[in-house]
Every structure is written in structure tokens, then in C-alpha cells.
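Reader: I am new to this structure and would like to go through it step by step. Could you please show it to me?

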Amino acid sequence: MHITAEKIKEAAEALESTELKSFMFQEPTAGPLTRRRRSSRSTGRSRRSTRGTRRSTRRSTRGTRRSTRGTRRSTRRSTRRSTRGTRRSTRGTRRSTRGTRRSTRRSTRGTRRSTRRSTRGTRRSTRRSRRSTRRSTRRSRRSTRRSRRSTRRSTRRSRRSTRRSRRSTRRSRRSTRRS
């Protein structure tokens, strides 16, 4: 049994309908200022009325005790159920947190491995590119050296040829003068 607002209202209305509330909230009636002579009839009636009120109060108190016991039992049951539910929910949250921890560990491992692989690949590619650039620069230097050598040789040859031609022309001039 779950305690709801409707059940609480019903219990309050039942208490209001009983005679206990009307007896509790009765205004104390002021007695007569002048003492009257007590007659046998009036005393009998008053005794009967007091007996009836006592019985009604006993019944109402018994009913209230029973209702309070029932509410206490229901509240205990509901609290037990709620505590069980909270324990189960906490267990579920613990399991979910464990699962998330495992998944995060796996993901971090995978990312570490992937980053290691990527860094290795980039290092290899950078090494290869450096090697290729070094080779190309060496080749280009060699080719430039060769071209310089060839140009030097050609300039030397041209100079020699010009010198020879000049000498030959001088000799020919001298021979013509002598003759």
C-alpha cells in the first residue's frame, strides 16, 4: 500500500466525522451561578450521558490507534521499498560507471596506439623526404660543379686557340716583311 494524498485526506475526514473531534473542541460551558437542588431524574440522566461519552471516546481512540498503526506499517513498507529501489539504482549506476571506465580505457588505448602509429609514419615519411632532398641537392651540386668545370675548360681552350691564332698571324706578317 502506497500512501497518497487522497488517503491522507480520507483519514482526516474520517477523524472529523467521529465524535472525538467534536468532544475535543467543545467549548467549556459555564455552570449555573446559583446552586439548584439536584433531583434524582437529572442525576440519572447525567450519569447515562457520561457513560455514553466515555464509550464513544473509547471507540474513537481505538479507531485512531488502529488507523495510526496501519499508516505506520504502510510507511515502513514504503520506506523499505524505496530503500530497495535506491540500492538497486545505485548498483545500476555503479555498473554503468564501470562500463564507462572500461570504454574510456579502451578508447584511450586505441587513441594512444593510433597516435603512436601516426607519429611513426610521419617520422618515417619525414626521414625519407629528408633523404631524398639530400640526394637531390647532392646531385644538383655535382651537376653544377661539372658544368662549371666544362665552362672553365671551354674558356681555356678558346683562350689558347685565340693565342695561337694571334701568334700565327704575327709570324705570317714577319715573313712577309722579310721577303
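Author: A word on confidence comes before anything else: pLDDT is the predictor's confidence in each residue, from 0 to 100. The mean pLDDT of the chain is 79, and 81% of its residues reach 70 or more. This is a predicted model, in which local features need pLDDT of at least 70 and side-chain atom pairs count only at pLDDT 80 or more, while totals for chains, interfaces and linings use all residues. Residues are numbered from 1 along each chain as its sequence is written, and side-chain values use heavy atoms, with hydrogens and water left out.

Reader: How many helices and strands are there in the chain?

Author: The chain has 3 helices and 0 strands, in the order α-α-α from the N terminus on. Helices (H or I, at least four residues) and strands (E, at least two) are DSSP runs, numbered from the N terminus.

Reader: Where is confidence lowest, and where is it highest?

Author: Confidence is lowest in helix α2 (residues 19–24), with a mean of 65, and highest in helix α1 (residues 5–17), at 86.

Reader: What is the span of α1?

Author: From its first C-alpha to its last, α1 reaches 18 Å with 13 residues. That is close to the 18 Å expected at 1.5 Å a residue, where the expected span is 1.5 Å times one less than the number of residues.

Reader: Changing topic, what lines the second largest pocket?

Author: Its lining consists of A11, A14, L15, T18, S60, G63, T64, S67 and T71. On a 1 Å grid over the protein atoms alone, a pocket is an open set of points where a 1.4 Å probe fits, with protein on both sides within 12 Å along at least five of seven lines; lining residues have an atom within 4 Å of a point.

Reader: Which helix gives the largest share of that lining?

Author: Helix α3 does, with 5 residues. Both α1 and α3 (40–178) supply at least two residues each.

Reader: And T61, where is that found?

Author: T61 is in helix α3 and is partly exposed, at a relative accessible area of 30%. T61 and T18 are 43 residues apart in sequence and 9.9 Å apart in space, C-alpha to C-alpha.

Notes:
Buried means under 20% relative accessible area, exposed over 50%, partly exposed in between (1.4 Å probe, protein chains only).
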